Amino acid sequence: MESTTMMSGKTVIVTGANSGIGKATVVSLLKRQGRVIMACRDPGRAEEAAREILSATGAESARLVLKQLDLASLKSVHAFCRDIIEREPRIDVLINNAGIYQCPYSKTEEGFEMQFGVNHLGHFLLTNLLLDLLKRSAPSRVVVVSSKLYKCGDINFEDLNSEQSYDKAFAYGRSKLANLLFTCELARRLEGTGVTVNALTPGVVRTNLGRHVRIPVAAKPLFNLVSRSFFKSPEQGAQTSVHLACSPDVQGVRGKCFSDCKPQALLPKATDQEVAQKLWDISEVMVGITT
Ligand SMILES: NC(=O)c1ccc[n+]([C@@H]2O[C@H](COP(=O)([O-])OP(=O)(O)OC[C@H]3O[C@@H](n4cnc5c(N)ncnc54)[C@H](OP(=O)(O)O)[C@@H]3O)[C@@H](O)[C@H]2O)c1
């Protein structure tokens, strides 16, 4: 069941907030009287989405803040976090929602394979840079949007950048498995801080995520029919994100993965503490935040 908890006085950051699940999450948070920072890579698309969101919700524009964030650029992540730390006295919830799916082989600004770089490393750095602020804002929450397709990936430490071979479905699965291992390790590290972290898998949702997937022209009408009939709407897809961001039912719950607002069991590879810790250590080196 979706929570109806109000969010007055709370500030939430949503990455990838201009489209699909992220945009529907923003609508729901504004309806609960929250204040939302939309972290988006393209200012034009962000402004257009914000206009639609404000007209759909009737929310006052002061409760919606637009900020540029390109998770494929560590420089951009640093600049975004500097700005947030300078201007925001508190952050109550960080929702790591942005994602890219099965793109052709390409690299982020710093040379990481794009899906691993955006879905995992960009959010890894973002969360780490905002951790002190989240701790000062406790009780606060981190919400990580993963996918059931984590089952199709593995953390192959010997080729995290897919330089030896690139399989776009495997790379997406690996990035979403990394989201779950990140959640597991972060939960362990945050014990006793008042900051919780949980992940979710939203189900199959009608969004722009499939933009890189080529569907033959002849199959498009059938695909459209199937997606209209069987896929979740973005609003339905956003329910578990909103539940984890707002609901008192999950206060103090950490390190779990939810589906349809309920905890779900994961394959052992998604909760392997040793792999989670190793991935954390390597990710620190990759994004340059080793202590
Ligand atoms: N849709 C599904 O069936 C499904 C299933 C399982 C999990 N998920 C997960 O749900 C999350 C939201 O996806 P969605 O389905 O709502 O897809 P979507 O409509 O394509 O939205 C993805 C968002 O991520 C943003 N993004 C992509 N690359 C970025 C970057 N480098 N920096 C910052 N933002 C970036 C996109 O910005 P632009 O608009 O500028 O490209 C967009 O706002 C993703 O993490 C996805 O893996 C979705």
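1. Strand 5 (residues 140-145) is mostly covered, with six of its six residues buried (buried means 20 or more other C-beta atoms within 10 Å of the residue's own, with C-beta atoms placed from the backbone). Strands here are DSSP runs of E of at least two residues, and helices are runs of H or I of at least four, numbered from the N terminus. The model is predicted: local features need pLDDT of at least 70, side-chain atom pairs count only at pLDDT 80 or more, and totals for chains, interfaces and linings use all residues. Residues are numbered from 1 along each chain as its sequence is written.

2. From strand 5, S140, V142 and V144 point one way, while R141, V143 and V145 point the other way; all are buried.

3. Strand 4 (residues 93-96) pairs with strand 5 in the parallel sense over four bridges (pairing requires at least two DSSP bridges between the strands). L94 stands opposite V142 of strand 5. Between strand 4 and strand 5 the chain passes through helix 4 (residues 114-136), in a right-handed β-α-β crossover (with the strands pointing away from the viewer, the path from the first strand over the helix to the second runs clockwise).

4. Strand 6 (residues 195-200) runs parallel to strand 5 and is joined to it by six bridges. Here V142 stands opposite V197. Strand 5, helix 5 (residues 168-189) and strand 6 form a right-handed β-α-β unit.

Methods
A residue is buried if 20 or more other C-beta atoms lie within 10 Å of its own, exposed if 12 or fewer, and partly exposed in between; C-beta atoms are placed from the backbone.
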